[in-house]
Amino acid sequence: MNTIIRPIFLVLALSLLSSISSHAQECDDDIALEPVSVVSDCGRKISIVPRLPLPPIIIVPVKRIEKEIEVSSFSVDSKIYGNLAQTTLIISFYNPNNRDVSADFIFPIPINSSINGYALDIGGAMVDGVAVEKNKARVTFEKIVRQGIDPGLIEKVAGNVFRARIYPLAAKQKRTIRIHFSSLLSQQGDTYDYQIPLMSGQLVNDFSLKIQAMNVAIKPIITSGQFKGLDFSQWNNVYVTEFNKKDFTIDKPITIEVPKLADNLVIVGKNSADEFYFSIKPQLKDKLTSTATKPNKINKIQLIWDASHSRFTADHQLELDLLKAFFNKYKHIEVELYLLRNQLLFEKNYVVNNGQWNDLKKRLEAVQYDGATNFTQLNKINNSSKADYILLFSDGLHTFSNKQKVSLSAPMYVFTSDLSGNTAYAQQLAEQNNGQSFQLSSQIEPKDLVAQIGSVVPQLISIVVNKGQVKKLPEFPYYLSSNQQPITAQLLSDTVSLTLNYGISGVIKQSIKVKINKQKAVDNKLPELIWAQQRLLYLEKNAKENRASIISLSQKYDLVSDFTSLIVLENLAQYLEHEIEPPKSLVQMRNGYFAQVKQTKINKYNIEKDKIQQVIAMWETRKTWWNKVFPKAPPKIIVKNVKRRVSNSSSNYDDDVALDRVVTTGSHIRAEDMEEMAMMESPSVAPEMKKEKSNSDFTASVKISEWDPDTPYLKALKKSKQSKRSALYYQLKRDYFNSPAFYFDSANFFFKNQQKDFGLQILSNIAELKIQDSRLLRTMAMKLKEHDYIDLSIQAYRKVLNDRPEEPQSYRDLALALQQRVVNNTSSDSNKDYQEGIELLYKVITTKWDRFNGIEVTVLMEINQMIPQLHKFNIDYSYIDEKLIALLDVDVRIVLGWDSDMTDIDLWVIEPSGEKVTYNKVLSGVGGMFHEDFTGGYGPEEYLIHRAPVGDYTVKVHFYGNNSPELSGATTLYVDVFTNYGRENQQKQTMSLRLENAGEDYLVGTINYKK
């Protein structure tokens, strides 16, 4: 029996993680699937298929392991109340390996569902998660993981796909998680169905299933796979079925069909605070939805096909079936075809005669899915073409450039076949343009959806309260989606009488009277949870503007949303440190938290108040170095036996030193170097300081070593003819589908060969390769900046800052990009860019960071270099402490940064004398200085020399190693080489390269400094 968990869904649902297993999901016998060869980040080939049933739950180790993680038990407990459902999954994992591992648990839930509970076992007890702002939850999780402690986190990844990050799974031990989610059953005519995702193909030692159905008129039916035929028995008006089995291999997700519900079904629920909420399933007459249907004659449509990377795994057959039904109804029509990626491209006009659309179908079947998605590009569609309708097939995921409102001249209908799509945004696009959005499914007849194209969307126009009291009613007008939502609200009186008024374009066409009685309430808060789910869906249509409301709602109901995650911490100290309230289920811990939080805030204020004084002291040291007169020739080099701490590495440095080093998250300088710097500061020891004229009459030539990775795909592209390169790229992509390096390298190749538009499309894949991966976004932003797409670079850096506000590099990167836009003369508002840039940099100076101590001095060099331009543009910088203002110009400045956290890279500069300046020799005899050794990720590491002796300076980097718990792949670094820094004749060159092998050093380039 094969017990390996096969995470194909991960590749198929936007390649959500780069740590993909080496095995592919086995396919159902009754579905013909075309496999595609793909190389994972682990370097192994796997098979993926472009069309799948409902994706399975999977667990993915984030690093390669010897034995696959086992599932000890899997329990499903689902309660159905009419057209509502609440499901709890309890899953226990066992780690058979001899070492601890970290794993990601990928969990898709049905459409119209929300996660509202997560728990993790700690010390033998299940501890509930707390809803926390998403960035704060991630920052807390990652910080605790770096300390080797075991938090739990569940977060939304994309659409209806969620990820629980579990660390650690201890060697030879079990770990248990519990997930609650509420759902609205999907309506198909008079029937309703509900799907429960399972770990398809997984062997479970102990599997149990219990389903209860209440408020249903007819006995439910299980219609899927190995559970088909499992019967329900009736007990006290409740239908119940149970299933228990040892050593059970899961086949497919569970699909439950409820044949019929009562008309105008009302469900009343009571929460633990004795508050009552209700849910009404109104029964509308058919004539309401057909009243305003347009005539059958349509002359022209504009068809927009989302051809981005994330759409590779959509169920395109469902989409083609929809179009087939459309052309069966509208047999003579002109089609204007567009492909949407990072740009909107017009393809050609097609003419459909007598329902024959073979040419168009062949083109759609041949589409290559590549690049990111920019819905703002839809505003470039030809609005003068007099199309009757616009049909958009997309997953609704906007991943590139700024999102702006889309305003079109014809009604737009949006069709989504992806479970992981953004259905809320798809609905918003449609409603803003007088259309509808539809979720395609094999259970829905395409012709039924086609019949709705051209219909004016019915609305719930108003609710009249005839008797009693209610609150929290939906906003009006309330549009009816293809899967009709129930009416939910809070019940304040014992009985209520309502009239629901439905109509079209504000005109009432149908009224439904409903009576609600508190006495019929069930002891369950499911109607309230569905109300919260609907409220969240409404707020997410304008998520940016409603951010605060979304966070507040999610925290009240423990919802996982675009802005909130659920986190589980281990003890009171962690809750206090991160200012997170313990869950309500831990009463004693909550009491202790509130008792101590006041004193914690006082202590934090005092610590932050001292920050600016610490920076002033560091800046005084830098100014002392800058003013010191060093010999023009270095003293005789004495090689010392310097010991450096080493862990898990067999690398050899070219120094004659004994290595003994541990990777940490701070920085380190030898004690003797600290003493030397201290002596520089001391007036009684330091020589008389006088400022010499800098070498402004000297010139420097910089030769950057071109990075040319030796990869099979680049060799193939170089050998091919220019006219065939794009086709070859698409062919190669099938073998490197999930490799970030492939996209970075291929984009560089096309940029260098004057195919910039195609290079940009390839580079934009990074935005969809791993949703919300700040590391990849940071590298993409750097590449965009390198190739002069400065506006797009700034937008990407803004996303990084939004995702990683706890890291000072996020502020610095964006500030320098804004400055570069002004320098490039491409800024539409130079004053605004400079103002924001200087404020971002000063934020680095004044904020107390958990790590990266010393970055403040590097940023002060950049602030002071910017100040002359602030004068020019009349920018206010009076808030900067005057003790920090001093322009320290230098002959040479070299700055190294990289994209990986918990990664150590060393900058080496070999001066003309042969003396090497780096982490263990921070000051050379001629004044070359190294600052600062960041062993925990990102940099920047900096080399400066105020008055450079003539000769050649060799710049190298050494890749010490990556200590991240995640399988992050290659590390990309970028090096800025400045000459005459801070002067009018300042010059800058930048190079980037990718480091694969720890323990190796790489040549960046040489600087020849001469008169």
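I count two strands as paired if DSSP finds at least two bridges between them. Helices (H or I, at least four residues) and strands (E, at least two) are DSSP runs, numbered from the N terminus.

The model is predicted, so I keep to its cut-offs: local features need pLDDT of at least 70, side-chain atom pairs count only at pLDDT 80 or more, and totals for chains, interfaces and linings use all residues. Residues are numbered from 1 along each chain as its sequence is written, and side-chain values use heavy atoms, with hydrogens and water left out.

**Entry 1: the open sheet.** I looked up a sheet of four strands. The sheet is open, its order is E13-E14-E19-E16, and the pairing is antiparallel. Strand E13 (186-188) and strand E16 (221-222) are the edges, each pairing on one side only. I then checked E16 against strand E19 (residues 254-258): they run antiparallel, joined by two bridges. Ile222 has Ile256 in E19 as its bridge partner.

**Entry 2: strand E7.** I asked how much of E7 (residues 113-122) is buried. Ten of its ten residues are, so the strand is largely enclosed by the rest of the structure. Buried means under 20% relative accessible area, exposed over 50%, and partly exposed in between (1.4 Å probe, protein chains only).

E7 has an antiparallel neighbour in strand E12 (residues 174-184), with seven bridges joining them. Ser113 stands opposite Ser183 in E12. E7 also pairs with strand E8 (residues 125-128), again antiparallel, over four bridges. There, Asp121 has Met126 as its bridge partner. The E7 and E8 hairpin has two residues between the strands, and Gly123 takes a positive phi near 60°.

**Entry 3: a lysine patch.** I found a positive surface patch formed by Lys471, Lys525, Lys556 and Lys584. Patch residues have over 30% relative accessible area and no salt bridge; like charges are joined within 9 Å, and nonpolar side chains (Val, Leu, Ile, Met, Phe, Trp, Tyr) within 5 Å. A salt bridge is a side-chain nitrogen of Lys or Arg within 4 Å of a carboxyl oxygen of Asp or Glu.

Where does Lys525 sit? I place Lys525 in the loop between strand E33 (507-517) and helix H8 (526-540). Its relative accessible area is 36%, so I log Lys525 as partly exposed.

**Entry 4: Lys843.** I located Lys843 in helix H22 (residues 830-846). Lys843 counts as partly exposed, at 36% relative accessibility. I also noted Pro808, 35 residues from Lys843 along the chain: their C-alpha atoms are separated by 8.3 Å.

Key: Accessible areas come from the Shrake-Rupley method with a 1.4 Å probe; for residues, only the protein chains shown count as cover. Lys and Arg count as positive and Asp and Glu as negative; His and the chain ends are not counted. The place of a charge is taken as NZ of Lys, CZ of Arg, CG of Asp or CD of Glu.
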